[in-house]
Amino acid sequence: MKKVLFTLAAAMMSLTAMADEGMWLLPYLQKMNIKDMKAKGLKLSAEDIYSVNKSSLKDAIVIFGGGCTGEIVSDKGLIFTNHHCGYGSIQALSSVEHDYLKYGFWASSHGEELPVPGLSVRFVVSIEDVTATILGNVPSIAGEEERQKIVAENTEALVKKMNEGLPEGQSSQVVAFFGGNQYFAFVYETFTDIRLVGTPPSSIGKFGGDTDNWMWPRHTGDFSIFRVYASKDNKPAAYSKENVPYKPKRHLEISIDGYKEGDFSMVMGFPGSTTRYMTSYEIDQMLEVDNPQRIFIRGERQEILWEAMEASDAVRIKYASKYASSSNYWKNSIGMSNGIQKLNVKGLKQSEEQAFQKWANANTLPEERYIDALPNMEKVIAEITPIEGSMQYLQEAFLRGIEIITAARTATPRLEAFYKDYEVELDRKVAKRMMTIAKENMDPKYLPSIYAEVIDTQFGGNIEQYVDWLYNNSAFYSLEKAKNLSDEARKEDPAYALAQSVIKSYNSLVPAYQALSPKYNEAHRLYVDGRMKMDPKKAWYSDANFTIRLTYGQVLPYNPADAITYNYFTTLEGVIAKEDTSNPLEFTVEEKLKELFRKKDYGRYADADGKLHVGFLCNLDITGGNSGSPVLDGNGRLIGLAFDGNWEAMSGDVAFEPELQRCIAVDVRYVLFVIDKFAGCNHIMSELDIVSKRK
């Protein structure tokens, strides 16, 4: 075990990091990255970015909500993040009378800032390598189930011990890296009193909608503003009118000097998930089952939702966040499949696997199990694919697709919140389509029993008649009836029967899935560990797992295809040119924005070229979860907010494409222009530390 841990550490501490690719752990920047970062233009030390003993840039970076990043930009706890990260909160606060999605919202004082129930932010307090504690007593000959049992026990004991010494509001988490070959403990401080300060209208914050999503050139002002509140002693506290703006350890300075091609840039944030160590067998599963099913099921549902949203403001507000959440990963899956095929990612993986197998055969013993890692992976993927495919259909078409199933599974005290954003007749229409495509495409043996027991016997197999009967006779058709149901009546309700039938089918697949999971975990862990042993001088980084990472590179254009070159920035001129009155939900341009454009009233936010820049590109290694992350210059000053990747490199979660992969960011000068010139929010501007070398 000591030898394994030493080899892993040696692989991580090797000489020079690969340029631009990599999601790097902050404690290792000094040993792995700082020399290369300074050569590219960084002016800071590693300790300026991450320090154990003093405040550093990492103290200004937060987990925003459940899956985004934000940054603290004032000494009064002001947060910048993406508009799409705040979208769910903005939607929840909106109504037809107060349509903050369509018209935006700007608080003119602290008293007008809107509390957001359920929203939280988390600061990273500390990071510690605990691999020895978690793996130290795992026998080298342990099977995977025994290994996982010991790891789980050690993790539980360590978290319990760490939490006992933490103040209120702080908690610890142990996270696996490199497929379970290394472990880190993170201590977080969580604040739950978060309030909306400002958001542009969707015509700015979501400009381009699904049409432009994942695309470049991009002209989206993708930002929103929130504030952290704390108790009077600056500690985490539940919402109270007595709470005050939080005083952070660190906040970011904002530069309005802009950037030029080749300038150093970096992003610190919380990338969600990558699979850079994915095998060719998993590529097949993704291309043949996972992505096609997701694309088809979500596409069918989204078409129905979009038609209803276009026809009604009330429906648009209710379903805006649901639709955006569904369509984002839907389009990602389309781009991912296209990119993997176009860039021959499977061929790259096969070459890596051939080299690995050759190394394992020549350099390892059978009892070390590296030789069997890939053959076992191939076998387990073949067995697990049909199981996961059926589980995915049950999730996407029923549990996520048909909302009356969700209603039937929702506790009575939470029903009012559910029905606030529910249109039953729209759901009826969706249910007919979802239940039809499930019948047409699922393996019959995994179909919910409701088909054979009710639809076939009582309705002669007519799904539409069954769905109409269900919605006409279910108490979950309305909030008033649903919240007055007794427990006995709930169990007799047809929507509850449908929900139970789906859950039963899903649960029937779980044992087989769980039986195969240890086999997959072992094959993956050994493959990752073996590759690191195979090339110990390479600078390795772990897959993203929603822990804080840093990626760095340069501001750069790219060439997506022969004879096509994309510039590295866009301007307000492009916003004006994209206006499309036939597509008002995606390409509306506000009259005030057009007036500011006509007058060229950009103030100090114009670039040296005289234009107002909107978005820009960097060759940084980001993924979902990095949304809202600060893009920083060589001095650690905010120059933009990361919000997207580019279409041509959608396979980047599986294999980094250095020539194509780009991070799309909104220029912080456009953010400030909208706050200042468009919204006239001088009180927000007065909080910010804006720096410039320009006269």
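Keep in mind that the model is predicted.

**Stop 1**

Select residues 591-599, which form helix α24, and then residues 668-678, which form helix α25. The two helices pack at an angle of about 105°, and their axes are 11 Å apart. Angles from 65 to 115 degrees count as roughly perpendicular, so that is how α24 and α25 lie to each other.

Now show the side chains. On the α24 side, pick Lys-592, Leu-593 and Leu-596; they meet Tyr-670, Phe-673, Lys-677 and Phe-678 of α25. What kinds of residues make up this contact, nonpolar, polar or charged? Five are nonpolar, two are charged and none is polar.

**Stop 2: the largest cavity**

Rolling a probe the size of a water molecule over the atoms shows where empty space is left. In this structure there are three cavities of 30 Å³ or more, and the largest has a volume of about 70 Å³.

To find the largest cavity, select its lining: Asp-59, Phe-123, Val-124, Val-125, Glu-189, Tyr-246 and Lys-249. Next, colour residues 121-129, strand β6, which gives the most to this lining, with three residues. Four of the lining residues are nonpolar and three are charged, with no polar ones.

**Stop 3: a salt bridge**

Side chains of opposite charge can pair when their charged atoms come close. The structure holds 37 salt bridges. For one of them, select Lys-578 and Asp-212, where the closest N and O atoms are 2.7 Å apart. Lys-578 sits in helix α23 (residues 572-578) and Asp-212 in helix α10 (residues 209-212), so this pair ties together parts that are 366 residues apart in sequence.

Key: Residues are numbered from 1 along each chain as its sequence is written. This is a predicted model: local features need pLDDT of at least 70, side-chain atom pairs count only at pLDDT 80 or more; totals for chains, interfaces and linings use all residues. Side-chain values use heavy atoms; hydrogens and water are left out. Axes are lines fitted to C-alpha atoms, for helices over the stretch in contact, and angles run from 0 to 180 degrees between N-to-C directions. Helices (H or I, at least four residues) and strands (E, at least two) are DSSP runs, numbered from the N terminus. Angles under 35 degrees count as roughly parallel, over 145 as roughly antiparallel, 65 to 115 as roughly perpendicular and the rest as oblique. Contact means heavy atoms within 4.5 Å. Ala, Val, Leu, Ile, Met, Phe, Trp, Tyr, Cys and Pro count as nonpolar, Asp, Glu, Lys and Arg as charged, and the others, Gly among them, as polar. On a 1 Å grid over the protein atoms alone, a cavity is a set of points where a 1.4 Å probe fits but cannot get out, and a pocket is an open set with protein on both sides within 12 Å along at least five of seven lines; lining residues have an atom within 4 Å of a point. Grid points are joined across faces, edges and corners, and a volume is the space filled by probe spheres set on the points. A salt bridge is a side-chain nitrogen of Lys or Arg within 4 Å of a carboxyl oxygen of Asp or Glu.
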